[in-house]
Amino acid sequence: MPHFVDIADFTGDELRNILKTAVSLKADFKAGGNEQLLKGKTLAMIFEKNSTRTRVSFDLAMRQLGGYAMELDCQNSQLGRGESIADTARVLSRYVDIIMFRAREHFTLLEMASSASVPVINGLTSYSHPCQILADILTFEEHKGPIAGKTLTWVGDGNNVLISYIHAAILFGFNLNIACPTAYRPLDKVVDWAESQKASSSGRIQFFTDAVAAVKGTQAIVTDTWMSMGDEEKGDAQAKKAALKPYQVNEFLMNTAEDAIFMHCLPAHRGEEVTPGVIDGNRSVVFDEAENRLHVQKAVLLHCLGIQG
């Protein structure tokens, strides 16, 4: 079953083909509209966590390719009354052609994928955010050319988006500098996976505790909110924000990087992880990233359904 759970499940060539499809679909859309490649197909979108970009981009991706999307959440479905993920997956598989799941926990997504008889797409979990990273690579290449051999710098929390960036560095062959406090590094198993791939990839990751040192010579600075969705009320929230304060992306950091673009998956907290002058400045490509979610979602849908774009 061609699920889209993590980009680490794919080869670099497979991911490159998905991106090529996204580029082609974007060009077609800009030229007047997409071919109705998903006519008669239905996507079920399940949201355990709030969403703007994932919700709208998947919905419009289906519509623009001739298909239909329906939305479910826990409050208005039997998931909220305790129906199991497995039973939900089995039922939906009788109705729809493909499922996109934005889950709180990664194991829940894996349970959905193992029980469904239709493809399941990861719309974000506590572990990873693979669709976002493909949109980011598409955006980077639009502004900076092929990403292989380039250096990008992640500044901030070692969260789910960073984990997908680590996967991407290895599979697309770019260098990823990571500037974060030691206490908020990404999971060891992901770092170990990257180390284990050295023999087969030119991509490398390198850790820094000094953000200024990390961004020198980089072509992109990337960050995300310091508190992931749902973590704002946790007891260590203030301590975490204090630890991450030296990792704010501000004008000084951007100037240190000289020619870097600024990337952020949104939503952003201006004044925390990034200053207004950076995210609203002329080196920011955050809204290009948001736009590219639409075209990447189309390509991922076509890939999972085995349809040539």
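Predicted model: local features only at pLDDT ≥ 70, side-chain atom pairs only at ≥ 80, totals over all residues.
1. Leu-266 has a positive phi of about 65°, although it is not a glycine. With a relative accessible area of 13%, Leu-266 falls under the 20% cut-off and therefore counts as buried. The peptide bond that leads from Leu-266 to Pro-267 is cis, and its omega is near 5°. Pro-267 belongs to the loop between β9 (261–264) and α11 (276–279). If you have the model open, please look at the backbone of Leu-266 and the cis bond to Pro-267 together.

2. Is Glu-258 buried or exposed? Its relative accessibility is 65%, over the 50% cut-off, so Glu-258 counts as exposed.

3. **Helix α2 by itself.** Helix α2 covers residues 53–64, which makes 12 residues. From its first C-alpha to its last, α2 reaches 16 Å, close to the 16 Å expected at 1.5 Å a residue. The buried residues of α2 are Thr-54, Ser-57, Phe-58, Asp-59, Ala-61, Met-62 and Gln-64. As background to such a list, an α-helix has 3.6 residues a turn, so residues three or four places apart point the same way. Just after α2 comes Gly-66, which takes a positive phi of about 95°.

4. **α2 against α12.** The partner here is helix α12, residues 286–304. The two helices pack at an angle of about 55°, and their axes are 8 Å apart. That angle makes α2 oblique to α12, and the crossing is right-handed. On the α2 side, the residues that meet α12 are Arg-53, Thr-54, Ser-57, Phe-58, Leu-60, Ala-61, Met-62 and Gln-64. On the α12 side they are Ala-290, Arg-293, Leu-294, Gln-297, Lys-298 and Leu-301. By type, the residues of this contact divide into 7 nonpolar, 4 polar and 3 charged.

5. **Asn-292 in α12.** Asn-292 is found in helix α12. Its relative accessible area is 0%, so Asn-292 is buried. Which residues does Asn-292 touch, not counting those up to four places away in sequence? They are Lys-26, Ala-135, Leu-138, Thr-139 and Glu-142.

6. **α3 against α4.** Helix α3 (residues 85–95) packs on helix α4 (residues 106–115) at an angle of about 40°, with the two axes 8 Å apart. α3 and α4 are therefore oblique to each other, and their crossing is right-handed. α3 contributes Ile-85, Ala-86, Ala-89 and Arg-90 to the contact, while α4 contributes Thr-108, Glu-111, Met-112 and Ser-115. Sorted by type, the contact residues come to 4 nonpolar, 2 polar and 2 charged.

Technical notes. Residues numbered from 1 in each chain as written. Heavy atoms only, no water. Axes fitted to C-alpha atoms, helices over the stretch in contact; angles between N-to-C directions. Helix = DSSP H or I, 4+ residues; strand = E, 2+ residues; numbered from the N terminus. Parallel < 35°, antiparallel > 145°, perpendicular 65-115°, else oblique. Left-handed = near helix turned anticlockwise from the far one by under 90°. Contact = heavy atoms within 4.5 Å. Nonpolar A, V, L, I, M, F, W, Y, C, P; charged D, E, K, R; others polar. Expected span 1.5 Å × (residues − 1). Buried < 20%, exposed > 50% of the residue type's maximum accessible area, 1.4 Å probe, protein only.
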